[in-house]
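Biologist: I have a model open and would like to learn how to read it. Please take me through it one feature at a time.

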Amino acid sequence: MAHALREKAAVSGIGETAYTRGTEKSGLALQLEASLKAIADAGLSPRDIDGVVPYFPGGGIAEDFIANLGLTDLALSLFVPMGGATCVAAIQSAAMAVATGVCKHVLISVGRTGYSGARVSTRLQQFPQFALAAEFEAPIAQGARRHMELYGTTPRHFAEIAVTTRQHAILNGNVVMNKPLTVEEHHASRMIADPFRLFDCSLESDGGAAIVISAADRARALKKPLVTIMGVAEGHPESPASIAQRPDLLDFGLVKAARRGYAMAGVGPKDIDVAEIYDCFTFTVIRQLEILGFCKTGEGGPFVMDGRIGINGDLPLNTHGGLLSQGHVVGLNHVIELTRQLRREAGRAQVKDAEVGLVTGYGDMGDGSLAILRRAA
Amino acid sequence: MSAPAPERPLPTPTRESKPYWEGLRAGKLMLQHCVRCGKVRHYPRPVCPHCFSMESEFKPAALTGKLHTWTVCHHPFNFFFKAQAPYIVALVDMDAGVRINAPLRGVDSAQLKIGQPVQLQFEPVTADVTVPYFAIA
């Protein structure tokens, strides 16, 4: 029997600001600008929004949306504090709300002055998990190092992701990094936390992004081609606050989310035409591809080579440039890009005949989330 | 761009973790064990996730372990540590059954291998706080 939530909800609207390094706008203004664009993209009025899931911490809260968008009867206000896994996990909460009739249209939004305002290290220290075990940067690089030692993964594999997704960013145009990147430039960039060099790390940028989640039957009547949510799930790893104590450092929450998300969607990795994978670091893409079953554990490095993840490859990946080259709005830009691909609105980066796509989130101490979307129009 | 203040971050012991930090100050690795099922857990917390008992005790643990993995920090998370960069941060499988994440000193990172034996050492930082680091055993 099909999962009760399968294709009951849709991404009905998408909106994003310019992605920049440097802005005069506040994070809240960026969040609201993107929100207004997403609502207009859906063909809705701000007053139609009756649920909000703002990114937390940082940016607006429900009160800001009521005060700025004139919402008269907000039925749901949620935070999903899962760091980089937040935006995709929030789709699950929003889908439940619209599928059950608690809400009609739920707005998920992010606004960040990650370059002009507080830097990412400040944001991380606001997380409640940080009070439990103040470890962050080291365990992720350590996980990459362990993968290299165990499976022979190399910086050349990391570079392939940075270079290919930079090409995709250039096709997109609304990006922070708009110059080509070579493998040599990647290898020559300064070391940050070995094995991660500068171009293995995602951007600190300014920008806002928003999406509207509506019940599928309502969305069908709206402005844009219908993109339904086939499967969606969040997953939390063992030892969630301390990566160090996790039995396997390389097992993220995505291991659990993928199992449930694929089952809900009723599809597998072979059915995926385009993938937008959370790319806080190049290596996290490699490991997620393994977890998602596109290849076996240890084979993620070789998998990304030879053009496989390019626009015309077997698995076009991060077709907007991702967090590495487009901008860092905590992966909501990944959801927007996947929706655009399935609507066939991706311009020069359009993947031919994209029908089914996958997007992931990866957050903080290893939370994971996954959504599988389908062009239903 | 606002640079973080270059102050050394220090742990703030909680009711749960106080015995661990007091142990380090006394030159011991004190780990929390469940009184009912005997299992060790780290970081310290109120409930045993295996048997749900709230009774626990701290016992001294062996200081030896094996290298699980490592990184070399060139761009520290907290800029206080900039003067020390690059430095190795090692994740160690302690023989006592938990992992400890701490600096590894006195070795070239090019020489490191998974499984290499290391030993926990103690670095007094203030009158109240001592932090752990590793040396090759």
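Biologist: Which residues does A:I211 touch, not counting residues up to four places away in sequence?

Modeller: Two residues are in contact if their C-beta atoms, placed from the backbone, lie within 7 Å. On that basis A:I211 touches A:V11, A:G13, A:I14, A:A38, A:I108, A:L332, A:V335 and A:I336, leaving out residues up to four places away in sequence. Before going on, note that this is a predicted model, in which local features need pLDDT of at least 70, side-chain atom pairs count only at pLDDT 80 or more, and totals for chains, interfaces and linings use all residues. Residues are numbered from 1 along each chain as its sequence is written, while chains are lettered from A and ligands numbered from 1 in the order in which they are written.

Biologist: Which residues touch the most other members of the largest nonpolar core?

Modeller: A nonpolar core is a set of buried Ala, Val, Leu, Ile, Met, Phe, Trp, Tyr and Cys residues joined through C-beta atoms within 7 Å. Buried means that 20 or more other C-beta atoms lie within 10 Å of the residue's own; with 12 or fewer it is exposed, and in between partly exposed. The largest core here has 138 residues, and A:I108, A:I211, A:I213 and B:A90 touch the most other members. Helix α3 of chain A, residues 86-99, gives the most to this core, with 9 residues. Helices (H or I, at least four residues) and strands (E, at least two) are DSSP runs, numbered from the N terminus.

Biologist: How is chain A divided into domains?

Modeller: Domain bounds come from an automatic or database domain assignment. In chain A, domain 1 covers 9-120 + 206-227 and domain 2 covers 133-194 + 230-375. The contact takes 30 residues from domain 1 of chain A and 36 residues from domain 2 of chain A. On the domain 1 side, α3(A) provides the largest share, 7 residues.

Biologist: Where is A:G331, and is A:G331 buried or exposed?

Modeller: A:G331 sits in the loop between α12 (322-325) and α13 (332-343) of chain A. A:G331 is buried, because 31 other C-beta atoms lie within 10 Å. Leaving out residues up to four places away in sequence, its contacts include A:G84, A:C87 and A:Y278. The C-alpha atoms of A:G331 and A:I277 are 8.6 Å apart, though the two residues are 54 residues apart along the chain.

Biologist: What share of chain A is buried?

Modeller: Buried residues make up 60% of its 377 residues.
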